[in-house]
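Trainee: I would like to go through some of the labels used for this model. Could we take them one at a time?

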Amino acid sequence: MTPQEETVILEARDILGRYLSQNPVIGSWQALLDYCALTVRGPIERFHVLYLDRKNRIISDELLSTGTVDHVPVYPREVIKRALMLNASALILIHNHPSGDPTPSEADLSMTKEIQKGCRYLSLTLHDHIIVGAGAEMSLRALGKL
């Protein structure tokens, strides 16, 4: 990647971030997927959480963990603790699969269920868990896994 391309990507990420902070996230599914792809795609696994207010606007995009080429440690307690600290009403989990295949692993599904349980007890809404691959994103909600 050239320095000019890196600059364009950073500017696009900034524009999408501003757009999403001013507009309903759920009302603009493609913008959300574009933002996810730009934010988390890469050679190592990255786990982000979008914390949302009652109108589904982004309060914060938090990079909660980075990992290796095939694993990222995620602690449901930390995901939910941060939601409470930010006074979030809802969240969207996002992580990437550097292999390029966005199919969820058993570990992905298990971790999502744990976070979903915690959200349910604390009246938080878990909208989705999006896995970003190479040129494709997969929604666990769309797969019927949430």
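Mentor: Begin with Leu84, which sits in helix H3, residues 76-85. Keep in mind that the model is predicted.

Trainee: Why is Leu84 called partly exposed?

Mentor: Its relative accessibility is 46%. Buried means under 20% and exposed means over 50%, with partly exposed in between. Leu84 therefore counts as partly exposed.

Trainee: What makes the nonpolar surface patch that includes Leu84?

Mentor: Leu84, Tyr121 and Leu122 make it, and the patch covers about 360 Å². A patch residue needs over 30% relative accessible area. Leu84 has 46%, so Leu84 passes that cut-off.

Trainee: Which residues of H3 are buried?

Mentor: Val79, Ile80 and Ala83.

Trainee: How do you know that they are on the same side of H3?

Mentor: Their arc around the axis is only 90 degrees, which puts them on the same side of the helix. The face turned away from that buried side carries the exposed residues Arg77 and Met85.

Trainee: What covers the buried residues of H3?

Mentor: The cover includes strand E1 (46-52), E2, strand E3 (90-96) and helix H4 (106-121).

Trainee: Where does Leu64 lie?

Mentor: In strand E2, residues 58-66. Leaving aside neighbours within four places in sequence, Leu64 is in contact with Phe47, Val49, Tyr51 and Val79. Val79 is one of the buried residues of H3. Leu64 and Arg82 are 18 residues apart in sequence, and their C-alpha atoms are 9.4 Å apart in space.

Trainee: Why is Leu64 called partly exposed?

Mentor: The value for Leu64 is 32% relative accessibility.

Trainee: Is Asn56 buried or exposed, and how do you know?

Mentor: Its relative accessible area is 17%. Buried means under 20%, so Asn56 is buried.

Trainee: And what about Ser123?

Mentor: Ser123 also has a positive phi of about 60 degrees and is not a glycine. Its place is the loop between H4 and strand E4 (125-132). The relative accessible area of Ser123 is 66%. Exposed means over 50%, so Ser123 is exposed.

Trainee: Which residue with a positive phi follows H3?

Mentor: Asn87, with phi near 55 degrees.

Methods: Residues are numbered from 1 along each chain as its sequence is written. This is a predicted model: local features need pLDDT of at least 70, side-chain atom pairs count only at pLDDT 80 or more; totals for chains, interfaces and linings use all residues. Side-chain values use heavy atoms; hydrogens and water are left out. Patches are made of residues with over 30% relative accessible area and no salt bridge: like charges are joined within 9 Å, nonpolar side chains (Val, Leu, Ile, Met, Phe, Trp, Tyr) within 5 Å. Accessible areas come from the Shrake-Rupley method with a 1.4 Å probe; for residues, only the protein chains shown count as cover. A salt bridge is a side-chain nitrogen of Lys or Arg within 4 Å of a carboxyl oxygen of Asp or Glu. Helices (H or I, at least four residues) and strands (E, at least two) are DSSP runs, numbered from the N terminus. Buried means under 20% relative accessible area, exposed over 50%, partly exposed in between (1.4 Å probe, protein chains only). Contact means heavy atoms within 4.5 Å. The arc is that of the directions from the helix axis to the C-beta atoms.
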